[in-house]
Amino acid sequence: MEIPLDLARTLAVVIDEGTFDAAARRLRITPSAVSQRVKALEQQLGRVLVVRSKPARATEAGAPIVRLARQVALLEHDAIAEFGLDEASARPLSLALAVNADSLATWFLPALARVGERHPVVFDLHRDDQDFTAGLLESGTVLGAVTSQSAPVAGCLVRPLGVMRYEPVATPAFAERWGLALGSGMRGSRGRGEQRRRGPEPAAALATAPLVDFDRRDDLQREHLTAQGIDPDGPPRHFVPASSDFATAVKLGLGWGMLPAFQSAAELERGALVRLDGAPIDVPLFWQQWNLRSTLLTAVADELAAEARTALARP
């Protein structure tokens, strides 16, 4: 059995764009023609390949077809570039990558900017928690991902990037208001009675103080509470689902939260934030990509590794 590549590409565009109408605009054909192509591919393979929802999504049978279409597009792009044809610069390839929010907001984009200066490419970034980005590789949604998963996804290569270290921090006013114990590095300048008002013991204080979560899959604050012997479901919480806004919420005193050094070092230095009691949490990050001999994917991986060497902590 052969898979018609033009039909596979049409399916991939439907998944990329989310609707048949949007795919038609991108392909410059009618929505009816898009639907006919997808139906023809489904009839040929004897499987339903796309869930016709909004947005459209690939079925389990459709995922490998989408993955094939993207792999072929990447290899075709590399071949055209090697020939030095003008088409390589006139038609940049859209490269789908997955990245966690904190990496995207801090160190990830400078590496892509350097790739974009040398290669005809545009990036289609998918943001998700680092524990879930590997799933986007498995489904064929993306060609590469920053992930916390060290075991390679089937058909993928993996490269360690480094460690993103998170520390529990809050504003001094918030820590004092809720009676939170400060980290050991903060205790030398003031006596215990000056650090916080008289009130509950630090563990009890942390159990009632509001915290900031990124979303309902963010487990960093839960992990810190558990390490302190506190029920992680007890404290009230704000949900702020954007990395920079999450950090801003902590810096404005809405609650305490786990922040990486990128987003807290300057404020800790000048005293606008204080470290709370408890150990930092290290999140190892890895780069996974499809196992293809691709000049473009290699360039992305090399630039990300170079940026990570200066931006992330070593394991």
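Accessible areas here come from the Shrake-Rupley method with a 1.4 Å probe, and for residues only the protein chains shown count as cover. On that basis, the protein exposes about 15600 Å², with carbon and sulfur atoms supplying 52% of it. This is a predicted model, so to speak of local features takes pLDDT of at least 70 and side-chain atom pairs count only at pLDDT 80 or more, while totals for chains, interfaces and linings use all residues. Residues are numbered from 1 along each chain as its sequence is written, and side-chain values use heavy atoms, leaving out hydrogens and water.

**Overall build**
- The protein has 15 helices and 11 strands, which are DSSP runs (helices H or I, at least four residues; strands E, at least two) numbered from the N terminus.
- Its C-alpha atoms fill a box of roughly 75 × 40 × 30 Å along the principal axes.
- Of the 315 residues, 45% are buried, meaning under 20% relative accessible area with a 1.4 Å probe and protein chains only.

**Around helix α2**
- Helix α2 (residues 20-27) has F20, A22, A23 and A24 as its buried residues.
- Their cover includes α1 (5-17), α3 (31-45) and β1 (50-51), judged by contact (heavy atoms within 4.5 Å).
- Just after α2, R28 takes a positive phi of about 60 degrees.

**Where α4 meets α15**
- Helices α4 (residues 63-83) and α15 (residues 295-311) pack at about 95 degrees with axes 8 Å apart; the axes are lines fitted to C-alpha atoms over the stretch in contact, and angles run from 0 to 180 degrees between N-to-C directions.
- The two helices, α4 and α15, are therefore roughly perpendicular (65 to 115 degrees).
- L74, H77, D78 and E82 of α4 meet T295, L296 and L297 of α15.

Methods. Buried means under 20% relative accessible area, exposed over 50%, partly exposed in between (1.4 Å probe, protein chains only). Angles under 35 degrees count as roughly parallel, over 145 as roughly antiparallel, 65 to 115 as roughly perpendicular and the rest as oblique.
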